[in-house]
Amino acid sequence: MPDLEQKNQSDFMVEKIKVKPVNKKKLIRRTLITISMAIIFGLVACVTFLVLEPVISNWLNPEEEPQVEIVVFPEDKEEMSPEEMLAENLPTESPSPTPEPEESASEPEKGEETAVMLGEEQIEEILAQVTLDLESYRELYGAMAEYVEGLNRYMVTVTALTSGFDWMDSIQESKNQCSGVIISENGIELLILTDYSAVMSAERLVVTFYDDSQAEAQIKQHNSATNLAVLSVDLESLSDKIKTEDSLPIVSFGSSGGRNLAGTPVVALGSPMGTSHSVGYGIITSSTGIVSATDRNYRLILTDINGSQNAGGVLFDLHGQLLGIITNNKTASDMKNLISAYGITELQRTVEKMSNAATIPYMGILGGDVPREANQELGMPFGAYVEDIEMDSPAMQEGIQRGDVITALDDKAVVNFSAYSNVLMQMEPGQVVTVTVMRQAQEEYKEMEFSVELGGVN
């Protein structure tokens, strides 16, 4: 028995587990693949972060984008209100004679200013002490040259570029230059007033500033009646010199209305002699001329500055203020070479509309003021006298006739044609306006009302 048990034990199979040998090549390959995948994942993560980080940042902390501001030019302080204009047209009583001062009148107290009246002999004596020589002449024109250099900050040269083909089918680029003046900015653009006919067909517009820096420009809006256009230049494209100044070189408007400007010294800048950067000195000889246009009239300023028939640019007074925009072909045939300009006060609302890329409201009236004599002798009411009406205009379609006197637009009184233009400029194309007119019927004027839907023009 013991022998049998021992035999069974010896016949039992004994299994031995061996450790599998390591495949070094496969291990190295897997390690390299893992490292490569990690590197690729890291690169993808970095690229994704760089692309999405600004988006996520702006989403979490949105930045306020600069918004276009509405351009509004300040009212002309010297411009007469409609009430003042009406009062000026009304007859006035003769002033009573000023009483002669009594001999016992008290002497002015100490510190009070008194007017000193000089006689002819005293004036001649003072003038005799003033000596003018060649040095005085140099100082005078040296001071004017220095003054003009300061004004040139507001002026720009606009280059209109147009491509075409010559007779050999080669591309040829043509250039046309005109002057412009910087009038405003709206938070994202610098606005420049210039000649529309010189830029209307341009493919590219390049503006050159006083520091010789250049920037691309676009036409923001134009006005065919005055042949003017407003260009826009991105503020970000301005040179560092202009950006770092205390303020942008924006011109300030003077006053061309409400007073007689005859005798006022002026400087013509831009291209009054037909070439860029030319200049002319002189005085205003007349400011009573009127250029008639649809729904508005413009004051025409005449000067004694002899310039080019292709003149352009602006007129400045000696206070650094803009008085007028030089225009052509508005003077008599015997004064063709004398510089003339539109008064800036009468242009102001038109320029404001263009600066905001707005369409100018249109009714279609050509007219003027009612003379005081017609009011007194014929009983014609004060208002905007309708001299003519454009064909197919909103005014003609609704029945307004030549000879009518417009006295109100909606609830706003109209005492003359200037007031009519100003009220109309406050309205929008497409707006329905109640036009109150006085129409002559036999020997009296009767009130009538018309509902006119305004059109729009550029």
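Colleague: Why is Arg138 called exposed?

Modeller: In this predicted model, Arg138 has a relative accessibility of 52%. Exposed means over 50%, so Arg138 counts as exposed.

Colleague: What makes the pair Glu135 and Arg138 a salt bridge?

Modeller: Their side chains meet at 3.3 Å, N to O. The limit is 4 Å, so the pair of Glu135 and Arg138 qualifies as a salt bridge. Both residues belong to helix H5 (residues 134-151), and because they are three residues apart, about one helical turn separates them.

Colleague: Why is Glu135 called partly exposed?

Modeller: The relative accessible area of Glu135 is 40%. Partly exposed lies between under 20% for buried and over 50% for exposed, so Glu135 is partly exposed.

Colleague: How do you know that Lys220 forms a salt bridge with Glu189?

Modeller: The closest N and O atoms of Lys220 and Glu189 are 3.0 Å apart, and the requirement is within 4 Å. This pair links distant parts of the chain, with Lys220 in strand E5 (residues 214-223) and Glu189 in strand E3 (residues 189-195), 31 residues apart.

Colleague: Why does Glu189 count as buried?

Modeller: Glu189 has 16% relative accessibility. Buried means under 20%, so Glu189 counts as buried. Lys220, with 22%, is partly exposed.

Colleague: What makes Arg349 buried?

Modeller: The relative accessible area of Arg349 is 18%, and the cut-off is under 20%; therefore Arg349 is buried. Its side chain meets that of Glu352 in a salt bridge (3.0 Å, N to O).

Methods
Residues are numbered from 1 along each chain as its sequence is written. This is a predicted model: local features need pLDDT of at least 70, side-chain atom pairs count only at pLDDT 80 or more; totals for chains, interfaces and linings use all residues. Side-chain values use heavy atoms; hydrogens and water are left out. Helices (H or I, at least four residues) and strands (E, at least two) are DSSP runs, numbered from the N terminus. Buried means under 20% relative accessible area, exposed over 50%, partly exposed in between (1.4 Å probe, protein chains only).
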